[in-house]
Amino acid sequence: MPAFKTLDDADVAGKRVLVRVDLNVPVADGVVTDATRIERVAPTIVELSDKGAKVVLLAHFGRPKDGPTPEFSLKPIANAVSKVIARNVQFAEDCIGEKAAEAVAKLNNGDILLLENTRFHKGEEKNDAAFVKALAANGDIYVNDAFSAAHRAHASTEGLARVLPAHAGRTMEAELKALEKGLGNPQRPVVAIVGGAKVSSKLDLLGNLVQKVDALVIGGGMANTFLAAQGVKVGKSLCEHDLAATAREIMAKANAANCTIILPVDAVVAWHFEANAPHRAYGLDAIPEDGMILDVGPQSIERIKGAIDDAKTLVWNGPLGAFELHPFDQATVAAARHVAARTRAGQLVSVAGGGDTVAALNHAGVADDFSYVSTAGGAFLEWMEGKPLPGVDVLKK
């Protein structure tokens, strides 16, 4: 893996350290309802504070269109960060200019300050040089701990790393090491599980994975498109029939790359998309014309477990069925628990990510048992697609 400077390489005592974090958390009535992303960056913040740095946090929140607006202010988030790290977190009402400079100037060693939403300025997303310079005026060292924003070449994620000594924070460091084990330099065989609703949203992902993994398990609604492309009648199931030729191209690419594609061999069918709807398992040659495939069937689950047993490394993005509706969560839960058991036994390196995937693993009660679960969303997906991540590339030594 290309070497990155980490906190181990930084002398931060008495220095102003600009730390890019991901505080884009859900808020209802001014209260943070899920502090997972704050908890992920807490170790970096606390370590810098303990080492005597003047910790200055940079983050975006939401997608403000017209400059500063109360609904997109980070002010309520400062209290949430303070609770998570059990330390006082000060707040400045701008991220550049006089208000930011005055707040930074008052910091003592070990103090922590959160600056206002970087996206209140158009220069953030444009990676404008003048805005980068204004941000950099408040720091001596730059630390990026927001892998989730690393696929964007913005001022606070990429520009600052070009003008200040740049380091990866502990969360970024852990993420990069996990991803390297997942696809960069993995132990083989490597198996990928890819699910979700539509092939069209994961064309780049599938195209990249068939070049890199030994077996690719396809589930969810997207499996129906592949089945239909092979002549299977899928009834009223979610299916992109217009992508049949694309699906066949992906299968041909996989064959050329010696990647085995594992599709369902049976399916759980219902007639209504709702929890506890009447259902039964069918072979692929008997899918009812008026039925919908909502999960892979029991024979397919056993086949997927077999693929997991053969693997030394597994990467996962997307559920195998309509996991949010019981009992159409059975395949996803069974596969997730099987991965977790092999990971706990030291037989498998497992890396998963994506919003639905994280929700599914939490639903199965095994998120903590995977080697690494990324909360990075879009950045994780772009990494799986093999695309460059500007916020990561700029940190390379």
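This is a predicted model: local features need pLDDT of at least 70, side-chain atom pairs count only at pLDDT 80 or more; totals for chains, interfaces and linings use all residues.
**Entry: strands 1 and 4**

Strand 1 covers residues 16–20 and strand 4 covers residues 54–58. I found five bridges between them, in the parallel sense. I also checked Val17, and its opposite in strand 4 is Val55.

Then I turned to burial. Four of the five residues of strand 4 are buried, so strand 4 is largely enclosed by the rest of the structure.

I looked at the pairing of strand 4 with strand 6 as well. These two run parallel and are joined by three bridges. Leu57 has Leu114 of strand 6 as its bridge partner.

**Entry: the sheet around them**

Six strands make an open sheet, ordered 5-6-4-1-7-8, with parallel pairing. Which strands stand at the edges? They are strand 5 (90–92) and strand 8 (166–168). Each has a single partner strand, so one side of each is left without a neighbour in the sheet.

Helix 1 (residues 36–50) was my next stop. I see helix 1 lying across strand 1, strand 4, strand 6 (112–115) and strand 7 (141–144). Helix 1 runs at about 155° to strand 4.

I picked Ser49, which is found in helix 1. Is Ser49 buried or exposed? Ser49 has a relative accessible area of 8%, under the 20% cut-off, so I logged Ser49 as buried. Leaving aside neighbours within four places in sequence, I listed Val55, Arg87, Gly110 and Ile112 as the contacts of Ser49.

**Entry: strand 9**

I moved on to strand 9 (residues 190–194). Five of the five residues of strand 9 are buried, so strand 9 is largely enclosed by the rest of the structure. I checked where the residues point. Val190, Ala192 and Val194 go one way, Val191 and Ile193 the other way, and all are buried. In a regular strand the side chains alternate between the two faces of the sheet.

Which strands pair with strand 9 in the parallel sense? I found strand 15 (residues 313–317), joined to strand 9 by five bridges. I also found strand 10 (residues 215–218), paired over four bridges. Val190 has Thr313 of strand 15 as its bridge partner. Ile193 is partnered by Val217 in strand 10.

**Entry: Gly291**

Gly291 sits in the loop between strand 13 (279–283) and strand 14 (292–296). I read a relative accessible area of 0%, so Gly291 is buried. I skipped neighbours within four places in sequence and listed the contacts. They are Val234, Gly235, Lys236, Ser237, Val269, Ala270 and Trp271. I also took the distance to Gly346, 55 residues apart along the chain. The two C-alpha atoms are separated by 41 Å.

**Entry: helix pairs**

Two packed helices are described by the angle between their axes and the distance between the axes. I took two pairs on those terms.

Helix 9 (residues 220–229) and helix 10 (residues 244–256) have axes that come within 8 Å and cross at roughly 90°. The two are therefore roughly perpendicular to each other. Helix 9 contributes Thr225, Phe226 and Ala229 to the contact, and helix 10 contributes Ala244, Ala247, Arg248, Ile250 and Met251. By class I have six nonpolar, one polar and one charged residues.

Helix 12 (residues 330–344) and helix 13 (residues 355–364) pack at about 80°, with axes 9 Å apart. This pair is therefore roughly perpendicular too. The contact uses Thr332, Val333, Ala336 and Arg337 of helix 12, with Ala360, Leu361, His363 and Ala364 of helix 13. The classes here are five nonpolar, two polar and one charged.

**Entry: cores**

Last, I asked which residues touch the most other members of the largest nonpolar core. They are Phe147 and Leu216, in a core of 76 residues. A second, separate core has 32 residues, including Leu23, Val32, Ile38 and Phe72.

Conventions
Residues are numbered from 1 along each chain as its sequence is written. Side-chain values use heavy atoms; hydrogens and water are left out. Axes are lines fitted to C-alpha atoms, for helices over the stretch in contact, and angles run from 0 to 180 degrees between N-to-C directions. Angles under 35 degrees count as roughly parallel, over 145 as roughly antiparallel, 65 to 115 as roughly perpendicular and the rest as oblique. Contact means heavy atoms within 4.5 Å. Ala, Val, Leu, Ile, Met, Phe, Trp, Tyr, Cys and Pro count as nonpolar, Asp, Glu, Lys and Arg as charged, and the others, Gly among them, as polar. Buried means under 20% relative accessible area, exposed over 50%, partly exposed in between (1.4 Å probe, protein chains only). A nonpolar core is a set of buried Ala, Val, Leu, Ile, Met, Phe, Trp, Tyr and Cys residues joined through side-chain atoms within 4.5 Å. Two strands pair if DSSP finds at least two bridges between them.
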